Amino acid sequence: MMPAILCLSLLMLLAEALPVPQEELFRYIDAHQDEYIQRLKEWVAIESDSSNPEKRHLVTDMMNVAKEMIKKMGGSVQMAELGDQELPNGQKLPLPPVILAEIGSDPKKPTVCFYGHLDVQPAKKEDGWATEPYKLEEKNGNLYGRGTSDDKGQVLALLHAIEAAQVNGLPVNVKLIFEGMEEVGSNGLDKLAEERKTTFLDNVDYFAVTDTAWISNTPGITYGARGNCYFFLEVQGATKDLHSGTFGGSVHEAMSDLIYLLGTLADSSGRILIPGIYDAVAPLKEEEKKLYTNLTFNLDQYKVDAGATKLLYDTKEDVLMRRWRYPSLSIHGIEGAFSGSGTKTVIPAKVIGKFSMRQVPNMEPSVVEKQVTDYLNMKFAERNSPNKVKVTMVIGAKPWLSDMNEPQYLAAQRAVTKVFQVDADMIRAGGTIPIAKSFHDLTGKSVMLLGIGGPDDASHGQNEKISRNNYLKGTKLYAVFLHELAAA
């Protein structure tokens with residue numbers, strides 16, 4: 001007869017090897033949904049606005065609340081200090097610590113590291129909110145409040161999923177990186193990741209970001225994002241501002257030169273006119289084209305959301321490809337120009353045009369910088385102006401693209417199908433997600449964006465919300481994903 005202790009050991013090993021019934025996970029999550037919403041209410045109430053120095057202590061408070069929750073779940077937590085932030089007035093303000101947490105350390109299991117953030121955008125009732133932004137309110141199946149979607153609600157859904165999975169044994173090792181400065185540029189995070197590359201990040205197999213939204217009500221898994229090359233185009237004319245009645249018509253005006261140069265960057269269809277810009281863009285293959293055809297995307301609603309009467313392109317496929325897989329150029333503003341109400345007949349001595357190019361994979365920022373600079377200098381020379389021009393690239397964030405056939409992407413797709421009963425939309429982001437590129441470049445490991453935000457959550461606007469359905473089913477999604485990843 002087998003000894004009882006050996007029998008028990010075998011049973012425990014079998015229990016670890018067998019998949020936990022999906023229904024059991026779902027029952028646990030359903031039974032705790034009121035608790036999950038109450039916790040979100042408590043987190044939303046903390047005004048962790050990272051842009052306001054006077055609320056910095058509240059960001060730190062938020063980090064500590066999350067730390068205590070993770071510790072109660074059995075996790076080990078380091079509060080990594082980042083040093084000080086120098087404010088415009090010269091004062092220094094301590095940066096909030098970054099949470100580096102671990103739950104599970106079984107060398108036989110894969111390790112997935114999740115990234116999220118706990119700071120929020122500014123919000124005031126008088127800005128146009130229908131509810132108090134820091135008081136969670138449920139209406140028509142939606143949970144309204146600052147941070148509900150970006151990103152406290154998504155972080156909590158993940159933590160609740162881990163908690164649910166722990167009941168029968170966590171199937172993977174989990175690491176967590178939660179920061180409190182994402183909304184203002186993630187000060188110090190890249191440096192911290194570099195410092196922890198051979199320690200905290202050393203045994204990570206997969207990275208997953210929980211800070212994204214879908215493009216429709218169909219769950220989306222994000223596998224790529226565009227980069228961002230941001231330029232200042234400075235034109236210096238006279239040594240001082242001039243009166244248009246005295247000097248208008250007799251001097252070369254800096255503003256006229258600037259407007260001319262900005263007008264040479266792209267044509268009326270949005271095509272960038274800078275030579276060589278499209279040379280590095282990967283050709284569109286038939287297999288990739290099918291991805292866009294199968295996506296769920298309401299073009300009419302997109303037009304309404306943009307407040308536009310007409311888009312540059314007429315089909316879903318063309319619009320999405322121009323958002324995701326082709327570069328775009330946008331003009332953002334002019335510094336030094338008169339912009340107040342009323343009239344002012346000044347000729348500004350110096351103006352700075354600000355524009356950016358969202359570049360796509362294979363487009364290197366250093367190459368783009370040279371192409372843009374050379375082109376603008378050439379166009380300025382053609383104008384025969386005696387004024388001085390200077391082109392400066394102030395941001396050079398690289399694009400990011402992952403392989404959708406990597407194990408964690410396949411695990412996430414299976415999880416979406418099991419929880420939502422639909423196939424996931426495989427999508428890209430038109431904006432820039434530096435942390436995804438940083439994790440990939442630093443470690444060479446797979447990076448995926450698995451968010452649960454809805455397409456209409458207004459994450460940076462008034463009346464931010466997350467639907468109750470996304471919040472609770474998103475919890476189930478993360479829980480099933482952990483099990484699917486263990487089986488990958």
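Biologist: What does Arg383 count as at 33% relative accessibility?

Modeller: This is a predicted model, where local features need pLDDT of at least 70, side-chain atom pairs count only at pLDDT 80 or more, and totals for chains, interfaces and linings use all residues. Residues are numbered from 1 along each chain as its sequence is written, and side-chain values use heavy atoms, with hydrogens and water left out. Buried means under 20% relative accessible area, exposed over 50%, and partly exposed in between (1.4 Å probe, protein chains only). At 33%, Arg383 is therefore partly exposed.

Biologist: Which residue meets Arg383 in a salt bridge?

Modeller: A salt bridge is a side-chain nitrogen of Lys or Arg within 4 Å of a carboxyl oxygen of Asp or Glu. For Arg383 the N to O distance is 2.5 Å, and the partner is Asp257.

Biologist: How many residues apart in sequence are the parts that Arg383 and Asp257 tie together?

Modeller: Helices are DSSP runs (H or I, at least four residues), as are strands (E, at least two), numbered from the N terminus. The salt bridge joins Arg383 and Asp257. Arg383 lies in α12 (365-383) and Asp257 in α8 (254-263), so the parts tied together are apart in sequence by 126 residues.

Biologist: Where on helix α14 do the buried residues fall?

Modeller: In α14 (434-443) they are Ile435, Ala436, Phe439 and Leu442. Seen down the axis, they fall within an arc of 145 degrees (directions from the helix axis to the C-beta atoms). They therefore line one face of the helix.

Biologist: Which residue follows α14?

Modeller: Its phi is positive, near 75 degrees. The residue is Gly444.

Biologist: How many disulfides does the structure hold?

Modeller: A disulfide is a pair of cysteine sulfur atoms within 2.5 Å. Cys113 is buried at 1%, and Cys229 is buried at 0%. The disulfide count is 0.
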